[in-house]
There are 2 protein chains.
Amino acid sequence: MLAAFRRVAEAGFEGLRLRQVAEDVGIDHSTLHHHFATKQDLVLAVAEYATRQFWVLGDGPPDPARALREHLAGLRRMLDERPELFVVTVELDLRARRDPAVDDALRRHEAGWREVLSDVLTAGNAAGAWAAPLDVAVTTELVIATAKGVRLAPAAAGPVFAQLEAMVIGDRGEQP
Amino acid sequence: MLAAFRRVAEAGFEGLRLRQVAEDVGIDHSTLHHHFATKQDLVLAVAEYATRQFWVLGDGPPDPARALREHLAGLRRMLDERPELFVVTVELDLRARRDPAVDDALRRHEAGWREVLSDVLTAGNAAGAWAAPLDVAVTTELVIATAKGVRLAPAAAGPVFAQLEAMVIGDRGEQP
DNA sequence: TCCACTCCACCAACCACTTGGTTGAGGCTA
DNA sequence: TAGCCTCAACCAAGTGGTTGGTGGAGTGGA
């Protein structure tokens, strides 16, 4: 339910009230229970919805350097256009510590992300696209950590990602 | 109040209950109100306490490369020994979006951190301690973002920080 | 066409329980 | 006595969740 997502973005899971969500949609809160048996079900729906939004970040072009650049550019664009999406992600990260179902959803999502990055970095190693050969696993984690770190600071994302690119790809010909 | 901090670490602000905190300390919840007029005051105390814990990360040695390494090593050590501290920090980051007082406390804390990093990076530029001259402001943000990104994944911190060091300092003689 | 009959989305009222916060009446020490 | 610290009892305002029931859109048979 989109309304629930918006509520979480605004007030966090701490402020998620079934009655409020129901009112946003214009129905009674008991009717909401008709669609989501428990609050937990609603939370899970929000988690699934939020993670699904990242599917738009597809595989990208075959050239590893371009693929990495576009991946980061995609993230930055989403961060600019839909900052709430990332806020909810942080909220979910926190909730995953106490909620196995959310943890599971998030884990699957992150595994997909990790795979995309690993593939790009591996391809880049093979093609000699990076400034220096990279430890794929660790660099994947570095990129993920950096991305997670700017989730609540959209303004910082641009420069930070640029710097990260520069360090990974090196200074060889920026945008061709 | 330490008990409150522990509660936040366990259950988040979402699960922070005055009665529970009071019980942890062994007093009545109304007595708690005698020490903290409102819940908000307690939350603020937790915020102040949490940020104060990072004061142990002092200036470090004069040599920039060593200073950076020790700074990251210090963070990693804290992350290993007191992961809850970082969890609460994330929780605070989120809460700061809705709570100006928390936002203020966090902003001051982050300003201090930013200054330490900026100083080290600037000194490193002057001494030619880095692999290449750095944009101090952006690199500061990069380090902060990375650190924030691993707050909920202590295991990743070690390798990620090592990689970050390698990229900033270059491969010139690891630990002397 | 009419008549059950079944779904489905919906709501008002209610329930048991929890929340943060208040009050007034003691106790303890100085 | 004065000034804290403590507590039990209480309160109003919610909380998630349940219940019994309403009305309309379909469906099948006669």
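Predicted model: local features only at pLDDT ≥ 70, side-chain atom pairs only at ≥ 80, totals over all residues.
Because R98(B) is located in the loop between α6 (83–95) and α7 (100–127) of chain B, while E14(A) is located in the loop between α1 and α2 (18–25) of chain A, the pair joins two chains. In general terms, side chains of opposite charge can pair when their charged atoms come close. Across the interface of chain A and chain B the rule identifies six salt bridges, and the count over all chains comes to 26. Polar contacts between chain A and chain B amount to six residue pairs, with both residues at pLDDT 80 or more.

When the residues on the side of chain A that touches chain B are sorted by class, 18 are nonpolar, five are polar and ten are charged.

The extent of the interface can be described both by contacts and by area. In terms of contacts, 33 residues of chain A meet 33 residues of chain B. The size of an interface is often given as the accessible area lost when the parts come together; for chain A and chain B, about 2600 Å² is buried between them, with 65% of this area on carbon and sulfur atoms. Within chain A, the residues that lose the most area to chain B are E14(A), R98(A) and M167(A), which together account for 22% of what that side buries.

The arrangement of the two chains was examined by superposition, in which chain A is brought onto chain B by a rotation of 180° with 0.0 Å of shift along its axis, at an RMSD of 0.1 Å. The two copies are therefore related as by a two-fold rotation axis. The same surface serves both copies, in that 100% of the contact residues of chain A recur in chain B.

As for the individual chain, the secondary structure of chain A consists of nine helices and zero strands, giving the pattern α-α-α-α-α-α-α-α-α along the sequence. The C-alpha atoms of chain A occupy a box of roughly 60 × 30 × 25 Å, taken along the principal axes. The mean pLDDT of chain A is 89, and 95% of its residues reach 70 or more. Among the elements of chain A, the lowest mean pLDDT, 75, belongs to helix α1 (residues 2–11), whereas the highest, 98, belongs to helix α8 (residues 136–149).

How values were computed: Residues numbered from 1 in each chain as written. Chains lettered and ligands numbered in written order. Heavy atoms only, no water. pLDDT = per-residue confidence, 0-100. Helix = DSSP H or I, 4+ residues; strand = E, 2+ residues; numbered from the N terminus. Least-squares fit on C-alpha atoms with pLDDT ≥ 70 in both. Contact = heavy atoms within 4.5 Å. Buried area = accessible area lost by both parts, 1.4 Å probe. Salt bridge = Lys/Arg side-chain N within 4 Å of Asp/Glu carboxyl O. Polar contact = N/O pair within 3.5 Å; in protein donor to acceptor, adjacent residues only side chain to side chain. Nonpolar A, V, L, I, M, F, W, Y, C, P; charged D, E, K, R; others polar.
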